[in-house]
Amino acid sequence: MACSALAYTLAAALFVALSAAAGIAPAAAFVALAAVVAICMPASVVLVRLVEGKRHGFTVGGASFVGFLVAPAVAVAADALSERLGLGPAPAVPFLAAMAIAYALGESVGRLACISFGCCYGKPVEQTSGWVRRFASRYRFVFHGSTKKAAFASSLDGVAVVPVQAMTSVALAAVAWVSTLLFLQGRAAAAFALAATGTQLWRLYSETLRADYRGEGRISAYQWMAAGVAVCGLTFFALAGGQVGPGPTSSPAVTALAHPAAILALQFLFGLVFWRMGRSSQTGARIHFHVHLDRI
């Protein structure tokens, strides 16, 4: 899907830009990015099988949980590699903050793919109440077509549902924006805490608005994962949220993204994600040729 590929690419570009602005060598950022993508993309498939028992599809919630788990180790490894190659230090806090902010932006844009495919869909408006019903009655989604997941998985073809994908996109874009402002003010610890906690608290709540199958139990495994990451983010803020460092500058960020190697790397990432995620295993297509007998 072009939207998924665009989400990955924009998130990667933002991560490299913020890292460079904080003085982290772009080479170290790209190596770390490759490691995270190599871990999280397969994890998104494995976890959907473990949690939902499905052999086809992937989970963003599961992938993000794994990403937050491995991020500290990747940050330490990136710092060691950067020092070994003589590229200078890659401090962990700005590194983690840049990664968390990039994730928030990536999922925000990635939800456009959910709207296109009709997955990660909300509950029928008639099953909601309170402010959600009032909001969704005015700003509802209605999916049409048998190839939309809302239709073939839950028989919601033509039914007004809560626009949870759009709500998630807007909420996470706001988190990414505010976190970036904190980052550029030199408050990397607070930026990481907001990006990590904000995205996961929203996931914890937004899952209650969804109608697609999320595994057994009243509280889904993805909600438990989100709660765990949110607690870690709040703990991190309590310990280091007041730290303020020198504000990053934009010049290194522009230079890092304008380098031909960076442009080629981002183009490669776009192509890789488009090839990997643009081939749906849940839907198919068929080309049929026939003869117009009345025209012979």
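A residue counts as buried when its relative accessible area is under 20%, and this cut-off is used in the close-up views below, which show a predicted model.

**View 1. Phe117 of helix α4 is paired with Phe152 of helix α6.**
At 14% relative accessibility, Phe117 falls under the 20% cut-off and therefore counts as buried. Because Phe117 lies in α4 and Phe152 in α6 (residues 149–154), the pair ties together parts that are 35 residues apart in sequence.

**View 2. Phe15 and Phe95 form an edge-to-face aromatic pair.**
The structure holds nine aromatic pairs. In the pair of Phe15 and Phe95, the ring centres are 5.4 Å apart and the planes stand at 90 degrees, so the arrangement is edge-to-face. Since Phe15 belongs to helix α1 and Phe95 to helix α4, this pair ties together parts that are 80 residues apart in sequence. Phe15 counts as buried at 2% relative accessibility, and Phe95 is also buried, with a relative accessible area of 0%. Elsewhere, ring pairs link Trp131, Phe135 and Tyr139 into a cluster.

**View 3. The largest nonpolar core of the model has 58 residues.**
The residues with the most contacts inside this core are Phe15, Phe68, Phe95, Ile101, Phe183 and Phe192. Among the elements that give two or more residues to the core are α1 (2–21), α2 (26–52), α3 (60–84) and α4 (92–117), and α2 gives the most, with 13 residues. For Ile101, when residues up to four places away in sequence are not counted, the residues touched are Leu14, Leu18, Ala176, Ser179, Thr180, Phe183, Ala191 and Ala195.

**View 4. Helices α1 and α2 pass each other in a right-handed crossing.**
The axes of the two helices come within 9 Å and cross at roughly 145 degrees. On the side of α1 the contact is made by Tyr8, Ala12, Phe15, Val16 and Ser19, while α2 contributes Pro26, Ala29, Phe30, Leu33 and Met41. Sorted by class, the contact has nine nonpolar residues, one polar residue and no charged residues.

**View 5. Cys120 and Ser155 have positive phi values.**
Most residues other than glycine have a negative phi. For Cys120, in the loop between α4 and α5 (130–138), phi is near 55 degrees, a positive value in a residue other than glycine. Cys120 has a relative accessible area of 16% and is therefore buried, because this value is under 20%. Phi of Ser155 is also near 55 degrees, and Ser155 lies in the loop between α6 and β2 (160–161). Ser155 is exposed, because its relative accessible area of 63% is over 50%. From C-alpha to C-alpha, Ser155 and Phe274 are 28 Å apart in space, and in sequence they are 119 residues apart.

Technical notes:
Residues numbered from 1 in each chain as written. Predicted model: local features only at pLDDT ≥ 70, side-chain atom pairs only at ≥ 80, totals over all residues. Heavy atoms only, no water. Core = buried A, V, L, I, M, F, W, Y, C linked by side-chain atoms within 4.5 Å. Buried < 20%, exposed > 50% of the residue type's maximum accessible area, 1.4 Å probe, protein only. Helix = DSSP H or I, 4+ residues; strand = E, 2+ residues; numbered from the N terminus. Contact = heavy atoms within 4.5 Å. Phe/Tyr/Trp six-rings, centres within 6.5 Å; stacked < 30°, edge-to-face > 60°. Axes fitted to C-alpha atoms, helices over the stretch in contact; angles between N-to-C directions. Left-handed = near helix turned anticlockwise from the far one by under 90°. Nonpolar A, V, L, I, M, F, W, Y, C, P; charged D, E, K, R; others polar.
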